[in-house]
Structure formats: C-alpha cells, structure tokens
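This briefing is intended for a reader who is meeting the structure for the first time. Please keep the sequence and the model in view while reading.

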Amino acid sequence: MFYTTDTRQHGLAFDPFKALVVPRPIGWISTISEDDVPNLAPFSFFNAIADNPPMIMLSFGGHNDTLRNLQANGEASCSFANKAMMDQMNMSSAGVDGSVNEFELAGVVGAESKLIKPMRVADSPAAMECKLWKSIELPPRADGSAGYTTVILSVEGVYINDDYIVDGRVDTAAMEPLARLGYMDYAVINKDNMFSLNRPEVDADKKTATLKSGPWSGKY
C-alpha cells in the first residue's frame, strides 16, 4: 500500500504512522504549575538528540499542562518508566484537570531534585533534571488546526540508582525500561531481547571494512 500524508487516506482502522516509528522511549515528565501543583505525564514523542552538551526533545499535540508549565517556569524532570511502574505510568497519562496532583493520582512517590524544582519519580531507575532551551511550533495539521509543539531541553543533572550501575556501566537490561509501539502496544527491554554489535573496522585503504562477531570489544 501507499498513501500520501496530506490526505491520510490509508484505508486502515487507525493511522499507521506511530506503529512504524518504533520503538520509542518514554519520557516520564514532571513539571510544576504556577500554583505549585506537581504534574506528571508520559510522552513517547521523546528522545535524546545530543550528548555533549546533553539535550533531549519532546513534542506536544496541543497546549497541555506539561507544556504550559514548561513555558512558564522552564524546568522539568524526566524519569524513566520501567516494567515495575507500568501501571503508574499509564495512570499518569489520564487527561485530568491541571489542579490535580498526578503524583498522587498515579500513586507515585516523588523525590526532590538537586537543581530544579520539579520532583523526579523516586522509584524510577534514573532521571534527568532539565531546563527549557527552545520551543518550536511545528506546521499545522492536515485539517488546518494547530500542530505540535516541540521543546528542546538541556540536561543539567542526571540521577541513576546505584543498583543499576555494574562494572562502570549502566545495566539497561536490569532496569527493564518500557518502549512505546503503535496503537496501545508497549514492549519491555530486558536481557532476553538485548544484544551487542561491534562497530565495523575500516581498513587502511578507507575503502573496505570488516565486522567482528562475538561480544562487545570495548570500543565505543
């Protein structure tokens, strides 16, 4: 099949776009309103975009509470949702009124951040303390209504639970982070579905390269 995105006439029950761009990490974003109400919500239009300096992005389909809070005070904490907290993550996605403390709604315990006011999720294996760098309005939707807003955040500090640091590396498999797929589907990253690949080694002539099989060589 083929369809053009301006017409969106794909003939399927649901738009397939998000089922194709997978898996997507989940940014569990906490902010604080101007009335000091904690807000917590998961986003799958989220990813890292640079590591030096570290920057992340997330996109919003509409001016929701998280975006309003970010634009008002410029701070957010990004915790990582894992298998152990999937129900809490899902509950925090409820579109409740901005006056609701979503930490309490989802049954999540907050922990104080070091550099910013918004709390992190205490039981999350890792979290990033972020400040707003830039907000970008994306093109309107196909029907002419307001499009998405993308925000780029600078990562000012990183928290990692020491239990997940093994031999100087983060044990991602032990964290069991959640990944967002299409529709209402999710996946869990764990030791059963993780593997390593060595980078190709370019030969001296710069025209050929070889691959070495086996465990990670330690080159990064």
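The model is a predicted one, in which local features need pLDDT of at least 70 and side-chain atom pairs count only at pLDDT 80 or more, while totals for chains, interfaces and linings use all residues. Residues are numbered from 1 along each chain as its sequence is written, and side-chain values use heavy atoms, with hydrogens and water left out.

**Overall dimensions and burial**

- Taken along the principal axes, the box filled by the C-alpha atoms of the protein chain is roughly 60 × 50 × 30 Å.
- Of the 220 residues in the protein chain, 36% are buried. Here buried means under 20% relative accessible area, exposed means over 50%, and partly exposed lies in between, with a 1.4 Å probe and protein chains only.

**The largest pocket**

- The largest pocket has a volume of about 1400 Å³. A pocket is found on a 1 Å grid over the protein atoms alone, as an open set of points where a 1.4 Å probe fits, with protein on both sides within 12 Å along at least five of seven lines. Grid points are joined across faces, edges and corners, and the volume is the space filled by probe spheres set on the points.
- Its lining consists of 46 residues, and those nearest the centre are Lys 18, Phe 45, Gly 61, Arg 141 and Tyr 148. A lining residue has an atom within 4 Å of a point.
- Two or more lining residues come from each of α1 (17-20), β3 (38-43), β5 (54-60), α2 (65-73) and α3 (86-91). Strand β3 gives the most, with five residues.
- By class, the lining of the largest pocket holds 23 nonpolar, 14 polar and nine charged residues. Nonpolar covers Ala, Val, Leu, Ile, Met, Phe, Trp, Tyr, Cys and Pro; charged covers Asp, Glu, Lys and Arg; the others, Gly among them, are polar.

**The second largest pocket**

- The second largest pocket holds about 830 Å³ of space.
- It is lined by 17 residues, with Arg 169, Val 170, Thr 172, Met 194 and Tyr 220 nearest its centre. The elements giving two or more residues to this lining are β12 (169-170) and α5 (172-175).
- The lining of the second largest pocket comprises nine nonpolar, four polar and four charged residues.

**Salt bridges**

- The structure has five salt bridges, each defined as a side-chain nitrogen of Lys or Arg within 4 Å of a carboxyl oxygen of Asp or Glu.
- One of them joins the side chains of Asp 15 and Arg 8, at 2.6 Å from N to O. Asp 15 is partly exposed at 30% relative accessible area, and Arg 8 is partly exposed at 47%.
- Another joins Asp 65 and Arg 68, at 2.7 Å from N to O. Both residues belong to helix α2 and are three residues apart, about one turn of the helix. Asp 65 counts as buried at 18% relative accessibility, whereas Arg 68 counts as partly exposed at 43%.
- Lys 219 and Glu 201 also meet in a salt bridge, at 3.6 Å from N to O. Lys 219 is in the segment after β16 (209-210) and Glu 201 is in strand β15 (residues 201-202), so this pair ties together parts that are 18 residues apart in sequence.
- Lys 219 is exposed at 57% relative accessibility, and Glu 201 is partly exposed at 27%. A network of salt bridges links Glu 201, Lys 212 and Lys 219.

**A nonpolar surface patch**

- Phe 14, Tyr 183, Met 184 and Tyr 186 form a nonpolar patch on the surface, with about 470 Å² of accessible area together. Such a patch is made of residues with over 30% relative accessible area and no salt bridge, the nonpolar side chains (Val, Leu, Ile, Met, Phe, Trp, Tyr) being joined within 5 Å. Accessible areas come from the Shrake-Rupley method with a 1.4 Å probe.
- Tyr 186 is located in strand β14 (residues 186-188) and is partly exposed at 31% relative accessibility.

**Two buried residues**

- Ser 124 is in the loop between β8 (120-121) and β9 (126-137), and is buried at 1% relative accessible area. Its C-alpha atom is separated by 9.8 Å from that of Val 108, 16 residues apart along the chain.
- Ile 152 is in strand β10 (residues 149-160), and counts as buried at 12% relative accessibility. The C-alpha atoms of Ile 152 and Lys 131, 21 residues apart along the chain, are separated by 8.7 Å.

Conventions: Helix = DSSP H or I, 4+ residues; strand = E, 2+ residues; numbered from the N terminus. Patch = residues over 30% accessible without salt bridge, like charges linked within 9 Å, V, L, I, M, F, W, Y side chains within 5 Å.
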